[in-house]
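Hello,

Here is the structure I promised to pass on to you. Have a look at it first, and then read on for what turned up in it.

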Amino acid sequence: MAADDKVVETVMVGNYVEMETEGKPKNIKTRLSNFFWHGGSVYDAWFSCASNQVAQVLLTLPYSFSQLGMLSGILFQLFYGLMGSWTAYLISVLYVEYRTRKEREKVDFRNHVIQWFEVLDGLLGKYWRNVGLAFNCTFLLFGSVIQLIACASNIYYINDNLDKRTWTYIFGACCATTVFIPSFHNYRIWSFLGLLMTTYTSWYLTVASLIHGQVEGVMHSGPTKLVLYFTGATNILYTFGGHAVTVEIMHAMWKPQKFKAIYLLATLYVLTLTLPSAVAVYWAFGDMLLNHSNAFALLPRTPFRDMAVALMLIHQFITFGFACTPLYFVWEKAIGMHDCKSLCKRAAARLPVVIPIWFLAIVFPFFGPINSTVGSLLVSFTVYIIPALAHIFTFRSAAARENAVEQPPKFLGRWVGIYSVNVFVVVWVFIVGFGFGGWASMINFIHQIDTFGLFTKCYQCPPPPLPLPPPQLNITTTTPMAAAPLASAPTALHHHHHLHRP
């Protein structure tokens, strides 16, 4: 084991060319740049995981609670939180295994970001790579779409002069600026700020709901329908399935082998945000949430709410970058620009990735239901089923298990224990997440299309007040019977005035 540990310790991350500062004098500007811009520590990874894991979904969890009921909502959060941490651990094991094997072959990763599909390719072959790439890219594409939809949904609660579709156009242009952020190394300050923003928003939702108190005649009737129950459960599956970018975050670490427990620690912190806020908002508003997938919609407008909306907008911009950056890498590799040293050329090459995201956000602006659909059809495979199966197949031979860089811990029952948990994850997520969840979320999604239509201008916006029709007095077209009271009106008024004369 000592030799294995030594091998693991040699797994170090290379610097990206555009960030190398070796041989240059370290002035104040360089030190500041390193402090805010270059992050590869354990703490950076923790901030990246925690701030990326929960963003706009924080606002839809009360909606899920109204579909699931209080008890199921709490239990599903705890259960999927643990399951998400487990598969993130599997991904980290597979990454270190792949990285170590390649570096033994003297492969240099100095200017190359390792991605999940490359790990699958190196360990299991091209068919696994193609499946992993298809699911991962589609999930990250729709993950970016969801962030863009959330931006428009949130800003509407501060400024409703423009409809949500127009806000989507505006924020699509703003989010396109993420093409200038080279890699996850450079999210150091953003990850830190992002976590502060979600923490404020979570506790704002909790405190504001408790101060507001329960609405008159509040009802907590969930769960009432199987369709709604599994839709809500799948949104929670989506919440804790934010580790499609796990490999890229690991690659940005100086010592990736230290990642193993980070995702679990990040999840434990995230649960302190998601549980109190969802419970408090559902307690206060109950079944009203079934028709309001964004928790901001029900809370009264105050400076505190406006601040929460503004912070979530900034955070969604950061999360858009998190979801989109791996897509940028895939695109760069596809067109042969990944090794380019010019940041501006790479940024220009990345722009075509943003256009389909922009378009899809305008086609499907269903904030809330789209989370469950993506969760059941994409997250279930991308971050639960494929990593568990990949781990089983990578270490299926006795030789592979014996030479594994990362041996399973004793308290899990070594290989037998780890295999048992993996089989349970695959079966559970396939039947409950993909099967029932896919069925329920697709029915709900189609219902949204039937109700609001594609390209809807303002999803779940309150209807504008109808203008009062102007009084019409058209004597010429009035029937004689109707005209009689009109004709006598001046007489009646005159008589009324005459009686009250002093």
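A salt bridge here is a side-chain nitrogen of Lys or Arg within 4 Å of a carboxyl oxygen of Asp or Glu. Please keep in mind that this is a predicted model. With that definition, a search of the whole structure finds eight salt bridges. Side chains of opposite charge can pair when their charged atoms come close.

Let me start with helix 5, which runs over residues 70-104. Within this helix, Arg-101 and Glu-97 are four residues apart, so about one helical turn separates them. Their closest N and O atoms are 3.1 Å apart, and the two form a salt bridge. Are the two partners buried or exposed? Arg-101 counts as partly exposed because its relative accessibility is 28%, whereas Glu-97 is buried, with a relative accessible area of 3%.

Lys-102 also has a partner: its side chain meets that of Glu-105 in a salt bridge, at 3.9 Å from N to O. Lys-102 is partly exposed at 24% relative accessible area, while Glu-105, at 54%, counts as exposed.

Another pair to look at is Arg-350 and Glu-332, which form a salt bridge with their closest N and O atoms 2.5 Å apart.

The largest pocket has a volume of about 440 Å³. It is lined by 18 residues, and the closest to its centre are Ser-85, Trp-86, Tyr-89, Leu-264 and Leu-412. Which helix gives the most to this lining? Helix 5 does, with six residues; helix 5 and helix 17 (414-452) each supply at least two. By class, the lining of the largest pocket holds 14 nonpolar, two polar and two charged residues.

The second largest pocket has a volume of about 330 Å³. Of its 15 lining residues, Leu-228, Leu-290, Asn-444, His-447 and Gln-448 are the closest to the centre. Here helix 17 gives the most to the lining, with six residues, and helix 4 (57-68), helix 10 (226-239) and helix 17 each supply at least two. The lining of the second largest pocket divides into seven nonpolar, seven polar and one charged residues.

Finally, find Ser-144 in helix 7 (residues 126-155). With 0% relative accessibility, Ser-144 counts as buried. Leaving aside residues up to four places away in sequence, Ser-144 touches Phe-320, Ala-323, Cys-324, Leu-327 and Ile-357.

Enjoy exploring it, and write back with any questions.

Best wishes

Conventions: Residues are numbered from 1 along each chain as its sequence is written. This is a predicted model: local features need pLDDT of at least 70, side-chain atom pairs count only at pLDDT 80 or more; totals for chains, interfaces and linings use all residues. Side-chain values use heavy atoms; hydrogens and water are left out. On a 1 Å grid over the protein atoms alone, a cavity is a set of points where a 1.4 Å probe fits but cannot get out, and a pocket is an open set with protein on both sides within 12 Å along at least five of seven lines; lining residues have an atom within 4 Å of a point. Grid points are joined across faces, edges and corners, and a volume is the space filled by probe spheres set on the points. Ala, Val, Leu, Ile, Met, Phe, Trp, Tyr, Cys and Pro count as nonpolar, Asp, Glu, Lys and Arg as charged, and the others, Gly among them, as polar. Buried means under 20% relative accessible area, exposed over 50%, partly exposed in between (1.4 Å probe, protein chains only). Contact means heavy atoms within 4.5 Å.
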